[in-house]
Amino acid sequence: MARNLAPPPTPSGLVPIALILFVLHALLGADYVITRFQLGAEHWPSVMRFLPLEALWLKVVWAMAVWLGVAAAFFLLIRDNASVLLFFATTVCGIALAAALYATPAPGLIVPLPGLLGAMIIVPGLAWIYARALNRNGALH
């Protein structure tokens, strides 16, 4: 019996979801670049500036969470199955960051830390589940 080897059609929600994820992670990437390299944007609503990232490993985990998220969203946008692993790694980095920042609370945080850290775990976690489902259905290559 002949098998149809044509790629499955693109799910209708893939492009909008991937674009939203890419924009969210790109904003975190812009925040990272502007804050890390002090590009002079005084009125930029920075997230990184208000996180207690004194330890080097916290800065590394934050950078990994941001840039792995950007890469994962880009790979999802181009329908590459690497997005599954990258979203998983982004979720793990978000969990590590949240655990470390809850273990060493900093007084006087302006940014609502539970909401931010929850978003750093929930958004890539749900994106990982979505990308994994797409990969299992053969929509990613």
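**View 1. Contacts along the chain.** Among contacts (heavy atoms within 4.5 Å) in the protein between residues at least 6 apart in sequence, 69% join residues at least 24 apart. This is a predicted model, in which local features need pLDDT of at least 70 and side-chain atom pairs count only at pLDDT 80 or more, while totals for chains, interfaces and linings use all residues. Residues are numbered from 1 along each chain as its sequence is written, and side-chain values use heavy atoms, with hydrogens and water left out.

**View 2. Buried residues.** Of the 141 residues of the protein, 37% count as buried, that is, under 20% relative accessible area with a 1.4 Å probe and protein chains only.

**View 3. The largest pocket.** A pocket is an open set of points on a 1 Å grid over the protein atoms alone, where a 1.4 Å probe fits, with protein on both sides within 12 Å along at least five of seven lines; lining residues have an atom within 4 Å of a point. The largest pocket is lined by 15 residues, with Leu24, His25, Leu28, Leu116 and Met120 nearest its centre. Helix H1 (14-36) and helix H4 (113-136) are the elements that give two or more residues to this lining.

Conventions: Helices (H or I, at least four residues) and strands (E, at least two) are DSSP runs, numbered from the N terminus. Buried means under 20% relative accessible area, exposed over 50%, partly exposed in between (1.4 Å probe, protein chains only).
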